Every structure is written in C-alpha cells, then in structure tokens.
Amino acid sequence: MARRAGADSETGRIPAGFGQAPEAPAPAVALLGSDGTILAWGEGCRRLLGHRAEDVVRLPVQRLLKTPAEAVRWSPARGDVGQRGDRRAVNAVVEVRHREGMSLRLAVETIALTGEDGETCWFVAVVEAPDGVRTADAEAALLDRSPLAVAVWDTRTRLLWSNRACREIAGRSEADPPTRSTRRTMCDVDRATIEPVIRQVLTSREPVGDHVLRWVPPEHGREVVFSSSVFPLAPLNGGPLGVCTVSAITKSGERERLALLGTAANRIGTTLDVMTTAQELADMAVPALADYVTVDLADAVPLGGEPLKRMSKAPSGIPVFRRAGQSSIHADMPEAAFLVGDVVYVPPGSPFLTALYGDQSYFEPAMKTGPGTWLDPRRRQLIHDTGMHSVMMIPLRARGTILGIAVFTRTDNAVPFSRDDLLLAEELCVQAALSLDNARRYTRERAAALALQRSLLPQRLSGGAAMDLAGRYLPSDRHEGVGGDWMDAIELPGGRIALVIGDVVGHGINAAAAMGRMRTAIHTLATLDQPPAQLLDHLDKVTSQLAETATWSHGYSSVTGGTCIYAVYDPATRVCDLARAGHPPPMLVTPEGHAHIADTPVGPPVGTGIGGYESVELELSQGTLLALYTDGLVESRHGDIDTGLDRLLAALQRPSASLEDTCSRAIAKMTTNTSPEDDIALLIARTQPADDHHQTTAHTKHHRPPT
C-alpha cells in the first residue's frame with residue numbers, strides 16, 4: 001500500500017477504523033493485487049482471523065486458504081470473475097486458516113478495481129459464513145450481516161459495489177452500470193458534498209472521517225443522516241483505484257432539530273411587535289432549515305392599509321396576504337417577488353389558498369414547474385432563475401385563527417425537503433404563531449387604548465387672550481404608551497382661563513378611561529365656577545364614591561384616584577388662584593428668566609375621601625411663565641424627586657421666546673440618554689399684556705375652602 005493511501009508504510013495495514021463505524025461491526029476488508037498478493041489488511045480482518053497486518057501483507061492470499069469449498073480465482077480476466085451484468089465482481093464461500101489454527105468458513109465478495117494505467121486490484125469484503133451456506137447464498141450472507149452502509153467507488157466516482165444496507169437506504173436493488181456517475185446513481189444523496197469528498201480522497205490519498213451525508217429516500221421522504229468515513233484504495237506505490245465509504249445512521253439530525261427548536265423558543269417572540277416576530281421566524285429558519293423563507297400575514301393580523309378583502313384582483317392574482325418578513329441565504333434576496341410591507345397576490349387555486357383556508361400544510365419536495373401547474377408566469381420564471389426546487393407552505397394558526405402562512409424553499413441546498421423537515425417547520429410555525437397572536441392581541445388592545453386616550457385628550461390648547469399655551473405629552477413605551485396623564489385648558493366667564501394637569505393612578509386602558517371620567521368631572525365642576533380648593537374637594541368626593549360603588553368594569557381592578565392641579569388665572573387682576581391634590585409643585589419663571597418653585601400647599605390625592613384642600617393666589621407679572629408637569633418628568637428609579645426638580649429648574653432658566661421651543665428643550669434635557677419610565681405631561685403658560693397696569697411683583701394669598 002502506498003504511504004499516502006492511508007496504510008502503514010511498513011505493514012500495509014489499512015488505518016484503524018477502516019470498514020467500521022460507531023456502534024456496529026463492519027465486514028472485514030482487504031486489498032489484493034492482481035496476482036493474489038495481499039496489499040492491505042483491515043482491522044476487521046485481524047479481529048476475524050487473528051492475523052496482524054505486518055504478518056500477512058505481501059504474502060499470497062493462498063497461504064491463508066485451507067481447502068476452499070469452492071475455488072476463487074483472482075485473475076482479472078473478464079471470463080474468470082463471474083460477471084453479473086457489467087459489474088466485475090465474484091462471490092464465494094471459502095475456508096480460511098485462523099492464526100490459532102482453526103478453520104473458518106467465510107463468505108467472500110470481491111470487486112475488481114482498475115486504475116488509469118490498466119493495473120487491477122481486488123477489493124475483498126468477508127464475513128463468517130455458517131455451515132450450510134452455499135456459494136449462491138454467499139452474497140446474501142455477507143450483505144445481510146452488516147447494518148452499515150458500505151460502498152466502493154471507482155476513480156470516476158461511479159458506484160461499483162454496495163451492500164444491502166446501502167442499497168436499501170438509497171432505494172436501489174443493484175449497483176448501476178459504470179457509465180453512470182455519483183450524481184445520477186445516488187440521486188437522493190446530498191450530491192453537493194459527497195462527490196467533492198470522494199475526489200478529495202482520490203487526490204490526497206488521505207482518509208476523511210465523520211463526514212455527514214443526508215439521504216431522503218423517495219419511498220417515505222423521511223431524511224436519514226449518516227456519519228461516513230471515506231478511505232482511498234490504492235496498491236503499493238501505485239495510483240488510486242477508488243474509494244470505500246462506510247456509513248452509519250446517526251442521531252445528529254434529531255439533535256440538530258431539537259437544538260433548533262430550543263433556540264427558536266428564545267429567539268422568536270422577543271417583542272410584542274407583529275413585524276418583528278415574523279422576521280424572527282424567517283431569520284431563524286435560514287439557513288438551518290431552508291435557503292429562503294417568507295412570512296405573509298392575513299387580514300386577521302391588521303398591518304394597516306385597506307383591508308385585503310376590499311382590494312380588487314390584479315393580473316398576478318388575488319390579494320390575500322401582506323409580506324411581514326423574509327430571509328435568504330443571498331444578501332440581495334433574488335428570490336423575493338414581494339418586499340416586506342407589500343400586498344402579496346396569489347393565483348386562484350394555488351397552494352397558498354389551500355394552506356390558508358384548508359388549514360393544511362403543503363409539501364412538494366420536488367417542485368413541478370411545467371404547464372398545468374398553479375404557477376403564474378412571474379413565479380415560474382423566478383423559480384427557474386433562482387433554482388428553487390423544493391417547497392413547504394405552513395399555515396400560521398393560533399387559538400383557532402389562521403394568521404397567515406410561512407413558505408420555506410430550497411435553492412442552493414440540493415437535498416429536497418423531507419417529512420422530518422416538514423415536521424420541524426410545523427413546530428417552528430406553532431411557536432411563531434403563538435407569539436404572533438400575542439403580538440396581534442397586544443397591538444389591537446394598545447390601538448384601542450391609544451384611540452380612547454387620544455379621544456379624551458384635548459385636540460388643542462388655547463389660553464384665549466389671557467395666556468399663551470404650549471404642551472407636550474410623551475407616553476412611556478414601558479407601559480405600552482398608554483397612561484392616565486392629561487392636561488387641559490378651560491375658558492371661564494370674564495376672560496379667565498382654568499389650567500388643569502393630572503395623573504391617574506395606573507397605566508393602560510383602565511387608566512385612560514379613568515382619566516376621561518376625571519377630566520369630564522372637572523369640566524362639569526368648572527361650569528359651576530367654584531374656587532380651585534372647593535372644586536378639588538368635590539372632585540375627591542365624586543371619585544371616592546365611584547370607587548366605593550364599583551362603577552368600574554367588572555373583572556378589572558378599580559382605579560382609585562390620582563393627582564391634580566387646578567389653577568384659574570384672571571388677566572384683569574393678574575392673579576392665579578391654584579390648588580393641588582398630591583401633585584408636584586408648579587414652577588414659575590420670571591420675565592428676567594429666573595426659575596423657582598412656587599410656594600403652594602399640597603393636599604391628598606383625589607379619590608381618598610379625605611379632602612381638605614387649600615388654595616393659593618399667585619400674582620403674576622406680564623411675561624411670567626407658569627409650568628405644570630406630571631411626576632414622570634422629574635421622578636425615576638435612579639434619582640429622587642428633589643434631584644429631578646433641580647434639573648427641571650435648570651432646564652427652564654432663561655426660556656426661549658417661543659413656548660414650543662421651551663417645551664421641546666425642557667423635555668429633551670430631562671430625558672437625555674434615557675427613555676421615560678413613566679408618562680410625561682408638561683404644560684407651560686405665559687401671561688399676556690393686560691389693558692390696565694398692575695404691580696409687577698408676585699405675591700401669594702392662601703385660602704381654605706369653607707368647611
């Protein structure tokens with residue numbers, strides 16, 4: 001055996017592991033010269049006969065034969081080898097001497113290997129044959145005994161010989177004529193990987209171990225994963241004559257699938273955003289399962305725009321989906337007929353509709369693209385250009401609702417989808433569909449809450465001739481962007497203006513509804529033209545009574561109250577009468593630009609039923625700014641409220657001439673590098689000039705409501 005043929009240069013021993021694979025014994029194999037000289041001796045032969053490679057290599061094989069039951073001639077002449085069709089092979093039962101002296105009956109199969117220079121050697125595989133086995137049964141005895149898939153290939157990668165395990169897995173009963181290549185003989189093997197490995201071994205003469213092969217037998221379409229070893233076959237100092245492959249079924253495919261499902265559980269549904277979830281499914285499956293994946297959603301998942309059912313047909317088909325996610329092994333995504341966000345049109349009678357309305361997966365391991373298929377011209381051309389050859393369409397179904405469809409295709413991966421791939425894709429889609437449904441429900445509820453909140457908030461703020469107003473509302477994403485903060489401006493008789501800012505306890509649609517009720521109550525009480533302290537006292541009683549009588553919706557926690565500031569400004573007197581219920585104090589900015597916190601008493605939050613609010617009168621000079629805000633602007637988990645108040649004072653110093661700019665600057669400085677943890681509302685008012693003149697200093701008067 002040549003040095004680079006994988007054999008020991010001194011003994012011609014075939015490397016350990018030749019003819020064997022994990023967990024199963026393989027036939028003993030050897031390599032003989034055309035004159036019957038032993039050129040290489042496998043480890044299986046040593047185990048079977050006891051002879052070491054260094055003791056038998058270069059000896060005539062006749063030395064090991066006792067009295068053969070039927071003679072085997074090792075001549076390569078065509079008439080001497082017992083041809084079967086075009087295959088040069090012979091089978092026999094022989095008696096061989098064991099190293100310890102006993103005789104063994106062996107079933108022998110020999111395969112002729114001819115190099116490019118015409119030199120011929122014999123690949124020999126043997127197993128022990130029980131008494132009574134005839135020559136005609138020798139092949140069956142040999143092939144039935146090994147659970148491993150063993151095959152011999154010539155230098156042109158043609159299959160010369162295979163045992164029964166190999167042929168059954170590949171779905172063939174006989175070896176093919178030597179005119180056919182691996183690509184045609186083993187049409188169900190991962191052709192993209194087997195041929196290069198065989199050629200590599202023929203060129204380098206170095207064995208390759210633990211190579212993964214995948215078969216998809218046409219009978220049942222269930223993928224079988226093998227761990228294969230490929231060994232060169234070559235005489236001493238001669239060129240390679242072929243290779244031998246020994247393969248064993250492994251559990252690696254199952255492990256890969258379980259690992260993919262485990263990873264998918266962590267990577268699909270990381271957010272409550274429908275588009276993100278769809279894209280996560282597509283990214284998860286490429287390239288682990290498919291070369292190109294699309295996720296299209298039906299009207300059950302609203303993505304904006306006109307409902308699909310109301311849209312008219314187009315030459316390309318019916319509008320049924322919107323593209324929500326797609327991924328490809330190719331960066332430029334040449335397989336895409338539609339982009340993310342596009343309306344997806346499908347031909348009538350296509351498998352898309354079967355999966356959508358029939359709630360059944362569509363599985364086509366070998367795509368048919370000829371006349372009479374469901375493909376429209378555009379898709380047929382796209383399939384031809386990209387090399388798509390295998391497809392699966394899986395409905396996305398959760399809690400009884402069909403949300404859309406996921407389509408998996410293969411282009412560069414030559415192995416068609418198997419039934420195992422279909423089961424894996426369906427499991428991935430089950431996980432993704434649940435996440436999509438959660439996102440759909442969240443999106444729907446959030447949209448309803450936002451719509452309710454926007455309908456309850458004032459569309460515009462007006463201070464009339466008394467004040468210039470500007471406001472900002474910044475919802476917190478941490479609470480789905482829906483909360484109970486609000487601000488308002490109410491015109492009162494005599495040119496006066498009432499300013500209101502409040503914060504209802506809690507977040508979500510319940511807080512928005514409670515905010516709407518509280519805002520309505522304030523508007524009603526404001527028409528009575530009550531002083532601020534008295535208005536808050538009445539608001540506290542109304543809110544607490546509603547909580548006690550469980551007026552809130554059944555099954556939802558009651559919103560018990562909130563904080564509020566109610567201020568009334570009279571431009572004729574330049575006096576602002578103000579009362580606050582558990583709310584952060586207002587801030588004043590003088591016309592010269594100096595900001596300070598107004599000295600105002602604070603009462604309990606409304607809804608407690610305690611009452612006892614106190615009003616304070618602030619006399620404001622022309623051009624004074626009054627800033628009202630909610631606690632989300634000055635409070636956070638990382639700092640106390642005093643720190644936040646100091647920061648807001650600094651942000652309000654020397655305000656811009658534009659109140660809008662002042663609001664934007666204050667919000668920007670208070671939320672630098674951090675997203676708001678709570679909803680934020682900010683209302684800034686600037687006093688307008690009055691017809692008569694008043695003193696320009698500000699002073700306060702405290703008033704308590706009548707008991």
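**Exercise 1. Find which residue takes a positive phi in the hairpin of strand 1 and strand 2, and describe how these strands pair.**

Solution. In the hairpin of strand 1 and strand 2, where 4 residues lie between the strands, glycine 36 takes a positive phi near 90°. This is a predicted model, in which local features need pLDDT of at least 70 and side-chain atom pairs count only at pLDDT 80 or more, while totals for chains, interfaces and linings use all residues. Residues are numbered from 1 along each chain as its sequence is written, and side-chain values use heavy atoms, with hydrogens and water left out.

Next, recall the terms: strands (E, at least two residues) and helices (H or I, at least four) are DSSP runs numbered from the N terminus, and two strands pair if DSSP finds at least two bridges between them. Strand 1 (residues 28-33) and strand 2 (residues 38-41) run antiparallel and are joined by 3 bridges. Within this pairing, leucine 32 stands opposite isoleucine 38 in strand 2.

**Exercise 2. Classify the aromatic pair formed by phenylalanine 352 and tryptophan 374.**

Solution. First take the rule: rings of Phe, Tyr and Trp (its six-membered ring) pair if their centres lie within 6.5 Å, and planes under 30 degrees apart count as stacked, over 60 as edge-to-face and the rest as tilted. By this rule the count comes to 1 aromatic pair. The ring centres of phenylalanine 352 and tryptophan 374 are 5.6 Å apart and their planes stand at 85°, so the pair is edge-to-face. Phenylalanine 352 lies in helix 9 (residues 351-358) and tryptophan 374 in the loop between strand 14 (362-364) and helix 10, so the pair ties together parts that are 22 residues apart in sequence.

**Exercise 3. State how many nonpolar, polar and charged residues are in the lining of the largest cavity.**

Solution. Ala, Val, Leu, Ile, Met, Phe, Trp, Tyr, Cys and Pro count as nonpolar, Asp, Glu, Lys and Arg as charged, and the others, Gly among them, as polar.
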